[in-house]
Amino acid sequence: MEKLLREFVKFAAKIYYCCVHGQKKEYKYIPPSGKLLDFNELSAMIDASLDMWLTAGRFNDEFEKKFAKFLGVKYALSTNSGSSANLLALSALTSHKLGERRLKKGDEVITVAAGFPTTVNPIMQYGLIPVFVDCEIGTYNIDVSQIESSITDRTRAIFVAHTLGNMFDMDEILKICDRHNLWLIEDSCDALGAEYNNKKAGTIGHIGTYSFYPAHHITMGEGGAVVTNDKDLYRIIMSYRDWGRDCWCKPGKDDTCKKRFKMQHGNLPFGYDHKYTYSHAGFNLKITDWQAAVGVSQLKKLPDFLKIRTHNAQYLMKKLSDLQDFLILPTVHPSVTPSWFGFLISVKPESNFTKQELVEYLEKNGVGTRQLFAGNILRQPMFVSNDFELRIKDSGIINSSELNDEHYRLLPNTDFIMNNTFWVGTFPALSDVELNKISDLIHKFIEMKK
């Protein structure tokens, strides 16, 4: 009876979805990103609700297992956002369980200033020193030729994102990491499904991170994941995610290690309950089973989502190819198969119009645009109004409140991106109709400016 009732409720939800949400959208305003859901996600959420299990449960177990399988990685842990995934990845590398390889206050982490703040924030939140190198124009990824000269005896890690689904040069970065014994965190929040020589983004370095916010390749509403092939890192990441506890038993499970009351930890009494033993100053960054249920449903659609994103990016590339006297279109490393989060466009400096003018025209005429997130994050209030220690390439350590034009000139491409670059959407709900409108408006604007 219970099974029959459950199927009846889910069927009723399908009817509700089709009647209330089932009409295809006609965009008066073409958003740069968005989710693509149907009755399957609604049914999954209701299925999870009927379990009356409020935290991570069977759907989360299924999602972590299937997500790891899709990526070809040993371990996947869900978390409540991509930003939390980045925080967990960096936190894990500070663990005392890593011995001499742990990151300590004052150690340096190489990154870029053109990107999303929560790639950089954990570095400073742990008292580490971010070392900013410049980006390439075209791929908008880290300029790997600048990394080696930026390394000092305090450099311990590289933490950088694959920009909008277009992966950076993994071969060169891995060689640098091997030569200098550096950790590599791949922020793949915008690059789920991208590949470098047939290996998925986030699975090649030591730790990979992902976001499932509605703008991303799949969504849980809010959500993210951390992956690794290293069992020790997996246990450490889980500890930081789950209050910092030493025990790795899942909720509702006890004594997985078979030594629950037979171990010595810290200065606790021998045999103190392992379930309440804490080895890290951790957080509670888990998801609910409602989120995981949506994630399981979205994973089934991911291959199709990736195909549509690829088509949309290639379509825009073709439609805008005749404007390259005015615009810089995206470029891709030969070993990379992107999973386009968005389509980046730069206005050439010699053009007789600015990015600002083009963006305002598109927005006024119903095409949504986005910046490459923070632009140059060193110019953001969070830096100029605080006292973070940082380095820019091979310069000495400076205080963020002392940043000036002399420092900004050390990252010319980052400032170029801030001033000249924006992106438009490639997400799966967009069809050739919307892409034609984007292209037609850009052509019309440039024709008016000639």
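Leaving aside its neighbours within four places in sequence, which residues is I110 in contact with? In this predicted model, where local features need pLDDT of at least 70, side-chain atom pairs count only at pLDDT 80 or more, while totals for chains, interfaces and linings use all residues. Residues are numbered from 1 along each chain as its sequence is written, and side-chain values use heavy atoms, with hydrogens and water left out.

With contact meaning heavy atoms within 4.5 Å, I110 meets V131, V133, I142, I147, S150, I151, T155, A157, I158 and F159. I110 is also among the residues with the most contacts inside the largest nonpolar core, which has 34 residues; such a core is a set of buried Ala, Val, Leu, Ile, Met, Phe, Trp, Tyr and Cys residues joined through side-chain atoms within 4.5 Å, and buried means under 20% relative accessible area with a 1.4 Å probe, protein chains only.

The most comes from α6, with four residues. Apart from this core lies another, of 30 residues, including A313, Y315, V359 and I442.

In the loop between β4 and α6 sits T163, which counts as buried because its relative accessibility is 9%. Leaving out residues up to four places away in sequence, T163 touches T139, Y140, N141, L344 and L372.

Across the protein, 56% of the 450 residues count as buried, and the secondary structure comes to 13 helices and 15 strands.

Notes: Buried < 20%, exposed > 50% of the residue type's maximum accessible area, 1.4 Å probe, protein only. Helix = DSSP H or I, 4+ residues; strand = E, 2+ residues; numbered from the N terminus.
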